[in-house]
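Subject: Structure for you to look through

Dear colleague,

I am passing on the structure we spoke about, together with some notes on what was found in it. Please keep the viewer open while you read, so that you can look up each part as it comes.

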Amino acid sequence: ILGALTCERFWTRFGRNVTTWSPVGAAFNTKAQRRYLFGVQGLFGVPELSCPEGFEVATKKALKKTECLLEKACCGPPGVQTVEAFDQLSDGLCKVADLADFVKVAHPDPEYRKAAEKTCIEIGTVVEKLNTNVELCQSLRKLLDNADMATDLDADTRRVAELFMFDFEISGIHLDDKRAVALHVKLLDLNNEFLVGSHMPNRIATSVVPQHLHFHFANEGSFIQVGGLHADSPDDLVREIAYRVYLYPNADMFECLEELLKCRYKLAKLVGYESYGHRALKGTMAKTPETVMSFLQLLTDKLSDRTAKDFDMMRGMKKKLNPRNSELMPWDHSFLSGVVRAERYNIEPSLYSPYLSLGACMEGLNNLFCQLYGVSLMSEQPGVGEVWSEDVRKLAVVHETEGLLGYIYCDFFHRSDKPHQDCHFTIRGGRWCQDMGQYQLPVVVLMLSLPQPTKSTPTLLTPGMMENLFHEMGHAMHSMLGRTRYQHVTGTRCATDFAEVPSILMEYFASDYRVISQFARHYETGQVFYAVLDQLYHGKPQNCSTTDILKEMQQKFYGLPYVPNTAWQLRFSHLIGYGAKYYSYLLSRAVASMVWKQCFLQDPLNRDMGERYRREMLAHGGAKEPMLMVEGMLQRRPTMEDFVDALVSELEPNFETFMMDSES
């Protein structure tokens, strides 16, 4: 009944001006008005987390449960139950660590953030010790080394067992010394230090910046604070100041990055890999750094002429806008690409923005999911203390026959103390709970930074904002629609170069007029340069600095000269989460492009294709080899050349420009 109701028309007009929104549309187009239906509870409904001190309680509880499960996993007879015990062990730690990982960056209360960060460190240390626990490893090895027992395992159980064993191997379980453990612990600290530092603002004396530009930046007494690139500012000088100040080299960050890369290389060599890149790419679609570099080089070669034409187009636009200073610089691209697109496609925001309220977009998503999967988004009222900010919305995801699939918390609106990066967080992964005879429902958070609605006007999105919304919702639905037996491979817990496919595919739906409306979009050429740099940083050590490598690769793969006294790599926070895997955005886009063109372009609301997509790709999480999932969807096995051709075809004949976003 829920599915049938929500698949009907979402809003109707009465007379000329009155609009009636569905509950989902209304929830996002109006200020939140809480009417709590039940008493105080903790964050995400976890009772202990009604106060910051609750993290210590939750951590102790998880670690106590870990001890019991550890004994079960080590002492029980080998079999399916061994893998189930491993997964329960992983699930118990992840439920606390993943939640804390989100809270430490997103909660407005510094006490909550501090408590959550402490939890992340404590549980992270325990995980590293478990990954080098010889007795635990031997219990799994007994199972996998017994040919008869291993053969009797179902495909999902065997794959999860092999993935756990892989975790042991890359952590140095076979080593007699404790160097691997020490390196892991050191890397935890370095990762955190680099992440924090990469987002810290830089400052410059107020007297250095022209008076009429001060209002563009945060004021700090006799200093001006620069916390970003201001890449979309129409003022050339503002963009240049932001670029030079924000990317100004920091000695401590240089030391941190170099030590981080050294530690990663040492760890990889210690556990038997040629480089960190080889260790990181095992289990991905690409498999090896050599395949990635071949893919990137082939892509660069095929796009070189087009890139040169696009730079010429942007130079012409800059000369038109600023005849006195027409040299194209790295801080110009994001702004000029927008100007060129607006001129080329005659995009006037006032014409489309009223049709792109956040509520309308959420209803569009609701309609899309309903038609593709039989799934509805239902607005729910959270309890007291369940959310970290009054403007967070809670959605229940309901299937027309399967019932409740999980929950999505939508933290969509700008706050001064909130990260400005759009992202998806897994709070709790899905898994089948054998002891309870039911499925553990997944819980995720989607974080955006959209303007708040006012009393008279809802939040209006630009095409770029809408594309980001659809992108992040693709991650969420990957988590919601997966129905894996094991938490270790649920939803987005899969190969990195496959994890972005569902989110990028959603961008195609966002740009199709049959789904919402048609908008031009641009392909991010800068990602090739970023991906190459990432590979070189995680290859064999070179007798030069990270800046020297950046200079050389910028000239070769970017086409514009390096700006002296800047260190863009120190702001490249993706080096932490995507170390040696930044190419994944490109490969995932190639796969998404092929799926869109072959399966959805003719009819984006085709239920049969939606069901095939869920069955072949979304349902498995990481429980199936990523290339096998792609093969199942496309009904053929694509090559790296096919992926390159898919990316190149994006530019012709559909797109007139090939731009790069300097803030990607």
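Both faces of strand β7 are covered, for R393, L395, V397 and H399 on one side are all buried, and so are K394, A396 and V398 on the other. In a regular strand the side chains alternate between the two faces of the sheet. Seven of the seven residues of β7, which spans residues 393-399, are buried, so the strand is largely enclosed by the rest of the structure. Please bear in mind that this is a predicted model.

Which strands pair with β7? Strand β6 (residues 375-380) is joined to β7 by six bridges, and the two run antiparallel, while seven bridges, again in the antiparallel sense, join β7 to strand β8 (residues 403-413).

Three bridges hold the antiparallel pairing of β4 with β5 (residues 223-226), and within it A218 has Q225 of β5 as its bridge partner.

Next, please find D98, which lies in helix α4 (residues 80-106). Is D98 buried or exposed? Its relative accessibility is 17%, and since buried means under 20%, D98 counts as buried. Leaving aside neighbours within four places in sequence, D98 is in contact with T426, I427 and R493, and the side chains of D98 and R493 are joined by a polar contact of 2.9 Å. The C-alpha atoms of D98 and R428 are separated by 7.2 Å, although these residues are 330 residues apart along the chain.

As for the nonpolar parts, in soluble globular proteins nonpolar side chains tend to be buried together. Here the largest nonpolar core has 133 residues, of which M362, F369, I408, F412, F509, F600 and M617 touch the most other members. Helix α23 (residues 584-600) gives the most to this core, with 11 residues. F600, not counting residues up to four places away in sequence, touches a list of residues including L372, L505, F509 and Y613. Apart from this core lies another, of 28 residues, among them L69, L143, L153 and I173.

Finally, some values for the whole chain. The protein chain has 26 helices and 12 strands, and of its 664 residues 55% count as buried. Of the contacts in the chain with a separation of 6 or more, 73% are between residues 24 or more positions apart. The accessible surface of the chain comes to about 29200 Å², and 53% of this belongs to carbon and sulfur atoms.

With best wishes

Methods. Residues numbered from 1 in each chain as written. Predicted model: local features only at pLDDT ≥ 70, side-chain atom pairs only at ≥ 80, totals over all residues. Heavy atoms only, no water. Pairing = 2+ DSSP bridges. Helix = DSSP H or I, 4+ residues; strand = E, 2+ residues; numbered from the N terminus. Buried < 20%, exposed > 50% of the residue type's maximum accessible area, 1.4 Å probe, protein only. Contact = heavy atoms within 4.5 Å. Polar contact = N/O pair within 3.5 Å; in protein donor to acceptor, adjacent residues only side chain to side chain. Areas by Shrake-Rupley, 256 points an atom, 1.4 Å probe, with all protein chains shown as cover. Core = buried A, V, L, I, M, F, W, Y, C linked by side-chain atoms within 4.5 Å.
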